[in-house]
Every structure is written in structure tokens, then in C-alpha cells.
Amino acid sequence: MLAYLDSLCLALLERNLPEIRRLQRHALSRVLPRRVREEIMAILRAQPDSMIAPIQTLHFYHQTAQLVIEEPEDEARGAQLELPLHPSADAVEIEMTIARARRGRSRDANRGVA
């Protein structure tokens with residue numbers, strides 16, 4: 001699911017309409033929250049130069065990632081859920097991918113490219 005959400009977030013940030021449509025037809029799109037599906041449709045319908053940001057999708061991605069990287073509660077110690085000190089390589093790679101997409105969009109914005 002995280003890989004699917006990563007691809008979806010990247011496609012939405014890059015405004016890659018063919019990729020967004022392909023991911024929208026994927027079986028996992030049926031389990032997306034309504035607010036995320038509505039946001040995807042809004043971005044698909046928007047003008048190419050619109051400033052709609054995929055906030056709901058990024059938020060859902062972040063929530064899902066947090067569920068994946070949290071450790072289960074250790075009943076013997078009564079420990080609370082905590083983030084690991086060293087995130088997994090996958091989580092770091094996903095964050096780097098999104099960061100690269102953001103940098104690319106900001107460079108385009110600085111050059112006046114939509």
C-alpha cells in the first residue's frame with residue numbers, strides 16, 4: 001500500500017495525468033478514503049496551471065507510513081508505541097522521492113514553468 005501511495009503522491013505532485021489515471025484504476029484505489037478520491041478527481045479536472053496541492057493524499061500517506069513504522073506495544077514491558085531510532089531504508093527512500101519531486105516543482109516555479 002505504501003508503494004502505491006508513494007507513486008500516487010509523486011504523480012499528483014508532478015501533475016502526471018496519465019499516471020494519475022492509471023493509478024486511479026488500480027485495485028488499491030478502492031480503499032482510499034473518500035476525501036483522497038475526491039481530491040484526485042479535482043486535480044484531474046483542474047487546469048494544468050492550477051495550484052491545487054494534494055494535501056489530503058499526502059496526509060493519508062503520512063498516516064499510513066506512521067502505522068507501518070511504529071513498533072507494536074510490548075505488553076511485558078508496558079512500553080508505549082515509539083518511532084524507531086533508525087527509520088527503515090524504504091521509509092527514507094520514499095521521503096527522498098517526495099522531497100525530490102517537491103524540489104523539482106519549486107525549481108519549475110522559480111523559472112515560471114507550470
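In the predicted model, the axes of helix 2 (residues 17–24) and helix 3 (residues 34–45) come within 11 Å and cross at roughly 150°, where axes are lines fitted to C-alpha atoms over the stretch in contact and angles run from 0 to 180 degrees between N-to-C directions. Helix 2 and helix 3 are therefore roughly antiparallel to each other, a label given to angles over 145 degrees. Their crossing is left-handed, in that the near helix is turned anticlockwise from the far one by less than a right angle. Leu 17, Ile 20, Arg 21 and Gln 24 of helix 2 meet Ile 40, Met 41, Ile 43 and Leu 44 of helix 3, contact being defined by heavy atoms within 4.5 Å.

The protein as a whole contains five helices and zero strands, arranged from the N terminus as α-α-α-α-α; helices are DSSP runs (H or I) of at least four residues, and strands (E) of at least two. Of the 114 residues, 28% are buried (under 20% relative accessible area, 1.4 Å probe, protein chains only). Among contacts between residues at least 6 apart in sequence, 57% join residues at least 24 apart. The accessible surface comes to about 8,000 Å², of which 54% belongs to carbon and sulfur atoms, as computed by the Shrake-Rupley method with a 1.4 Å probe.

Residues are numbered from 1 along each chain as its sequence is written, and side-chain values use heavy atoms, with hydrogens and water left out. Local features of this predicted model need pLDDT of at least 70 and side-chain atom pairs count only at pLDDT 80 or more, whereas totals for chains, interfaces and linings use all residues.

Note on methods:
Parallel < 35°, antiparallel > 145°, perpendicular 65-115°, else oblique. Buried < 20%, exposed > 50% of the residue type's maximum accessible area, 1.4 Å probe, protein only.
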